[in-house]
Every structure is written in C-alpha cells, then in structure tokens.
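Me: I've got a structure open and I'd like to learn how to read its helices and charged pairs. Can you walk me through it?

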Amino acid sequence: MFKNAPYRFTDFESIVFKYGEGNELVNQFDSETGRYQYLNVRDSLMTDTIKLRKDDMQYLHGKATQLGFWNLPDDMTTSPAADDTSGGQPVARFYLQYNYKEKSKEITLDADFNGNSKMRDAAKSVIDEVMRVISDAHDRQ
C-alpha cells in the first residue's frame, strides 16, 4: 500500500515551514538549506543552521502519511471579514510545504480556523510534529 502511495519517502526532498502572525511569517525553516530564522524571547530575529537527519525526515514523512496530510485542503485560513473574533489582532498562521521530486503538497492554517475540525486537528498535529522535530534538531546543535 505504501509503495504505491502518491508521495513516497524515496522521492522526499525537503520541508519548508513558516509561521507567525497574520501575513508576517517571520519564523522560517527550510530543510534543504538548513536555514532557520526565528524570533527569540527578546523579539530579535535570529538565524541559525539546522540539519535534519534522515530519520527525522522519515519520521515527518510517516507522520504526514499517518495523519492524512495529503488529503488536507491547501487553504485553511479564516478570512478577516468573515468572523473577526480576534478584536483586530493578527492570528497565528502556519505554512507547511512537503517537497518531493515531481510534486509538492502545501497547506496554510490559521490558528482560529473554524472549518472541519478533523482536518484542522490533523493539520495542527502535523505542524506540531514538524515544530517538535525542528526544536529537537536545534537542541542537538
């Protein structure tokens, strides 16, 4: 079953992950270059280099497969005019892209997305795992 999956680990090349508030996704990671840019506790923009190991990438690919990442809609954002419960404050936004040799899959998720809860939870779970693996790799350095 996994051999014929539309996204195979053997074709897996990289992950691009960005997050921030609103459209300002200042926290960024690209596994191909290893470039990790983030705001520290003092709101200073820091840049570091992090290399994910093959087992990290295999874990993230497997987690995405397990949680149905490929079936998620690309856009899980909340339009600002639809239901402004944030009081005009920017909402946390996450962008995640899995790149393969011949195709890629990307999603954009707002923390306050009020669409299908199962899809939102699956997307949030994949994002949480990516954040955890990046954090672990950063701690290893």
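**Reading a helix and its salt bridges**

Reply: Let's start with helix α2, residues 117-140: its 24 residues reach 34 Å from first C-alpha to last, close to the 34 Å expected at 1.5 Å a residue. That expected span is 1.5 Å times one less than the number of residues. Helices here are DSSP runs of H or I, at least four residues, and strands are runs of E, at least two, numbered from the N terminus.

Me: What kind of model is this, and how are residues numbered?

Reply: This is a predicted model, in which local features need pLDDT of at least 70 and side-chain atom pairs count only at pLDDT 80 or more, while totals for chains, interfaces and linings use all residues. Residues are numbered from 1 along each chain as its sequence is written, and side-chain values use heavy atoms, with hydrogens and water left out.

Me: Which residues of α2 are buried?

Reply: First, the general idea: an α-helix has 3.6 residues a turn, so residues three or four places apart point the same way. Buried means under 20% relative accessible area, exposed over 50%, and partly exposed in between, using a 1.4 Å probe and protein chains only. In α2, the buried set includes Ala-123, Val-126, Ile-127, Val-130, Val-133, Ile-134 and Ala-137. Glu-129 is buried as well.

Me: What happens at the start of α2?

Reply: There, a side-chain oxygen of Asn-116 comes to within 2.8 Å of the backbone nitrogen of Lys-118.

Me: How many salt bridges does a search of the whole structure find?

Reply: Side chains of opposite charge can pair when their charged atoms come close. The cut-off is a side-chain nitrogen of Lys or Arg within 4 Å of a carboxyl oxygen of Asp or Glu. By that rule, the whole structure has nine salt bridges.

Me: Which residue does Arg-132 pair with?

Reply: Arg-132 bridges to Asp-136, with the closest N and O atoms 2.8 Å apart. Both sit in helix α2, four residues apart, about one turn of the helix. Arg-132 is partly exposed at 36%, and Asp-136 is partly exposed at 32%. Salt bridges with shared partners join Glu-129, Arg-132 and Asp-136 into one network.

Me: Where do Asp-110 and Arg-93 lie?

Reply: Asp-110 forms a salt bridge with Arg-93, closest N and O atoms 2.6 Å apart. Asp-110 is in strand β7 (residues 104-110) and Arg-93 in strand β6 (residues 92-100), so the pair ties together parts 17 residues apart in sequence. Asp-110 is buried at 4% relative accessibility, and Arg-93 is buried at 15%.

Definitions and conventions:
Polar contact = N/O pair within 3.5 Å; in protein donor to acceptor, adjacent residues only side chain to side chain.
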